[in-house]
Every structure is written in C-alpha cells, then in structure tokens.
Amino acid sequence: MKITAAITGVGSYVPDYVLTNQELEKMVDTTDEWITTRTGIKERRILKGENQGTSVMGIKAVQQLLDKTGTRAEDIDLLICATTTGDMVFPATGNIISHGVGAINAFSYDVQAACSGFLFSLATGAQFIQSGMYKKVIVVGADKMSSIVDYTDRSNCIIFGDGAGAVLLEPNTDGYGILDQVLRTDGKGENYLFQKAGGSRRPPSIETVTNKEHFIYQEGATVFKFAVTNMADVAAQVMERNNLTKEDVAWLVPHQANKRIIDATANRMGVGPEKVMLNIHRYGNTTNATIPLCLSDYEQQLHKGDNLVLAAFGGGFTWGSIYLKWAYDPKPDPQQA
C-alpha cells in the first residue's frame with residue numbers, strides 16, 4: 001500500500017501584545033485606511049520581553065499540538081523548524097524547540113526559505129514519512145519578524161508580525177495527506193527582498209548597525225509583481241496536474257503576505273472568497289507561521305477528505321504549492337464548549 005504523509009493535528013501560538021494600525025499611526029506617517037486598503041492588515045502580534053526568541057513561540061505551538069493530539073514528546077522522530085529569524089545563527093532553533101518540549105528522541109534542524117520555508121519543510125518532512133523511515137514528524141513554522149523590522153520604515157513595519165504554528169505528520173494508507181507539490185526558487189530575486197547584513201558576506205559591525213542593514217529591505221513593487229504571478233501560477237499548476245476543478249477545492253490556504261496577492265491567487269484558481277483561509281487582518285505577515293496559523297484558525301471548519309491547496313511566495317525568490325487531502329474531522333473545541 002502506498003504511504004502518504006497526513007497532517008493529523010495542528011497547534012499554534014501568537015503573543016499577547018497586539019500592535020494595531022492606530023498605534024502605528026502614532027509611530028510613522030501612515031493611516032489605518034492606507035494600511036487596510038493596500039495590505040488587508042488591521043493588527044499584528046508582537047513578542048515582547050528580554051531574551052525572548054522565536055523558539056519561545058515554537059515551543060508553545062508544539063506543546064499545544066502534542067496536548068491536542070495526545071502525542072508523547074519522546075515519540076517524535078523528527079522536528080523541522082522553518083524560520084527566517086532563528087534565535088541565533090547556531091544552534092538551530094529546531095534543536096531548542098525539541099529540547100523545550102522534551103522531544104529527546106527526535107533529531108531536528110532548521111529550514112530557511114523565507115516565507116516559503118513552511119511549505120518546503122512540509123514537503124521535506126513528508127518524504128521521511130513516505131519512505132517508511134519515520135512515523136511521527138513535526139513541522140514548525142515560526143518567526144519573530146519584529147526583531148528585524150525597522151519601526152521608522154512605514155513601508156515595512158506595517159506588514160510583519162510574530163507567531164508560530166506546528167503540524168504533526170503521520171503515515172496514511174487511505175489516500176489522505178500530501179498528494180502533490182510544486183516547489184520553485186530563483187536566485188535573481190536576491191536583491192529585491194533581503195536582509196543586507198548579519199551573514200558571512202557582511203558580518204555585524206558598527207557600520208552595518210548604524211546604516212540599519214540588519215532590518216528587512218524590499219523593493220515592494222517588484223516583489224508584489226513576482227508574488228502575484230508566481231504564487232498564482234503554482235497553485236493553478238497543482239490543480240491542473242491533479243485534475244482539480246474549482247468545485248473540487250475545499251480551501252485555498254495562502255501565505256498571508258498581502259490581501260491583494262491572496263485575491264489574485266484565488267482568482268487565478270477560480271476559487272471564491274468563501275473558500276480562502278484568511279487571517280492576515282489579525283496577524284499580518286508572520287512569514288513561516290502564516291500557513292500553519294491558518295490551519296489552526298480554521299481547523300474546526302475542516303473535514304476529512306477536504307482538498308486543500310497551500311501556496312506561498314518568499315524572498316530569494318522562493319515559491320511553491322502543495323496539494324493535500326485533509327485526514328480528520330474536527331474535534332470539539334474545548335474553548336467553545
């Protein structure tokens with residue numbers, strides 16, 4: 001029997017502090033109307049406190065996942081963390097998360113592919129399941145984007161937020177789980193969306209700090225153009241490869257970068273807004289956490305057999321789409337009981 005990798009549970013975490021558009025109006029020359037019209041964002045979460053890194057959120061998301069699924073941490077074989085804002089250059093943030101939740105038998109590592117990292121990690125984790133090598137793989141998407149945002153730059157500070165999401169992958173032989181993927185990269189995007197300093201090319205120095213080279217830089221118009229075209233293309237391609245019509249797709253799960261990019265992808269697929277997972281208005285762009293946060297927020301609306309198309313685009317450039325068939329019906333939400 002063919003083994004597929006099915007998502008059997010989701011977990012998430014966002015910090016308590018809410019940074020609203022109204023608060024940003026007091027920090028930079030912008031307005032709530034301008035932000036909402038161009039991005040669809042109303043608020044974003046920010047991780048506050050000293051010595052609080054991405055791993056703090058990843059640990060909370062994974063712990064929730066373990067609790068919800070009744071999974072023992074010591075039974076996890078592998079943990080992959082997709083992040084652009086690791087706690088430090090090394091060790092891997094995935095290692096810190098594994099230690100934090102007590103996954104003592106898991107090996108772990110990080111994947112860095114900007115906003116597409118969660119999809120790339122999900123595809124990678126699926127291979128370990130499909131090969132029969134492992135039974136329980138956790139994929140975490142987590143980023144503390146506030147740590148690399150210049151809050152005097154109105155073009156970037158309105159977009160990003162902090163958060164984490166995690167999924168559990170397990171073997172399935174009934175046709176559920178990850179069924180296809182289209183993943184792409186193109187290095188010509190290097191100079192359009194990147195962090196100028198902090199790596200081996202330009203190590204930290206007084207000059208790089210003074211010049212604000214450790215913050216996000218992007219050429220917005222170029223990034224927007226590439227994102228709209230490529231994210232929509234791969235989502236449509238994965239539908240065509242699997243003979244999926246717009247009626248067959250239960251949900252589009254798009255990276256939450258910009259409401260206009262999401263709308264363009266949905267239009268290309270022919271999918272109506274009622275089938276598009278959307279939480280950008282609440283969290284902004286949390287980079288690697290956007291897709292798992294969507295799955296967590298919409299978990300109660302998902303049903304066994306639903307066809308989901310995941311799509312993302314990120315700096316580098318990176319982009320991709322995954323087609324999966326949802327593997328379980330929602331369990332009662334204790335918070336709504």
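Visitor: Is cysteine 81 buried or exposed?
Guide: Cysteine 81 is buried, with a relative accessible area of 0%. Buried means under 20% relative accessible area, exposed over 50%, and partly exposed in between, using a 1.4 Å probe and protein chains only. This is a predicted model, where local features need pLDDT of at least 70, side-chain atom pairs count only at pLDDT 80 or more, and totals for chains, interfaces and linings use all residues. Residues are numbered from 1 along each chain as its sequence is written, and side-chain values use heavy atoms, with hydrogens and water left out.

Visitor: OK, and how many disulfides does the structure hold?
Guide: The structure holds 0 disulfides. A disulfide is a covalent bond between the sulfur atoms of two cysteines. Here it is counted as a pair of cysteine sulfur atoms within 2.5 Å.

Visitor: What about cysteine 157?
Guide: Its closest cysteine sulfur is also in cysteine 115, 16 Å away, so that is too far for a bond. Cysteine 157 is buried, at 0% relative accessible area.

Visitor: New topic: rings. How many aromatic pairs are there?
Guide: The structure holds 11 aromatic pairs. Rings of Phe, Tyr and Trp (its six-membered ring) pair if their centres lie within 6.5 Å; planes under 30 degrees apart count as stacked, over 60 as edge-to-face and the rest as tilted. One of the pairs is phenylalanine 313 with phenylalanine 317, a tilted one with 5.1 Å centre to centre and 40° between the planes.

Visitor: Are those two buried or exposed?
Guide: Phenylalanine 313 counts as buried at 5% relative accessibility, and phenylalanine 317 is buried at 1%.

Visitor: Which residues make up their cluster?
Guide: Ring pairs link Tyr192, Phe226, Phe313, Phe317 and Trp319 into a cluster.

Visitor: What's going on with phi at asparagine 51?
Guide: Its phi is near 60°, a positive value in a residue other than glycine. Asparagine 51 is in the loop between strand S3 (43-46) and helix H3 (54-69), and counts as exposed at 81% relative accessibility.

Visitor: And asparagine 243?
Guide: Asparagine 243 has a positive phi too, about 55°, although it is not a glycine. Look for asparagine 243 in the loop between helix H7 (220-241) and strand S11 (251-254); it counts as exposed at 67% relative accessibility.

Visitor: Back to rings: which one does lysine 196 lie over?
Guide: Lysine 196 lies over the face of tyrosine 217, at 4.8 Å from the ring centre. A charge sits over a ring if NZ of Lys or CZ of Arg is within 6 Å of the ring centre and within 35 degrees of the ring normal. The charged end of lysine 60 sits over the ring of tyrosine 13, 5.5 Å from its centre.

Key:
Helices (H or I, at least four residues) and strands (E, at least two) are DSSP runs, numbered from the N terminus.
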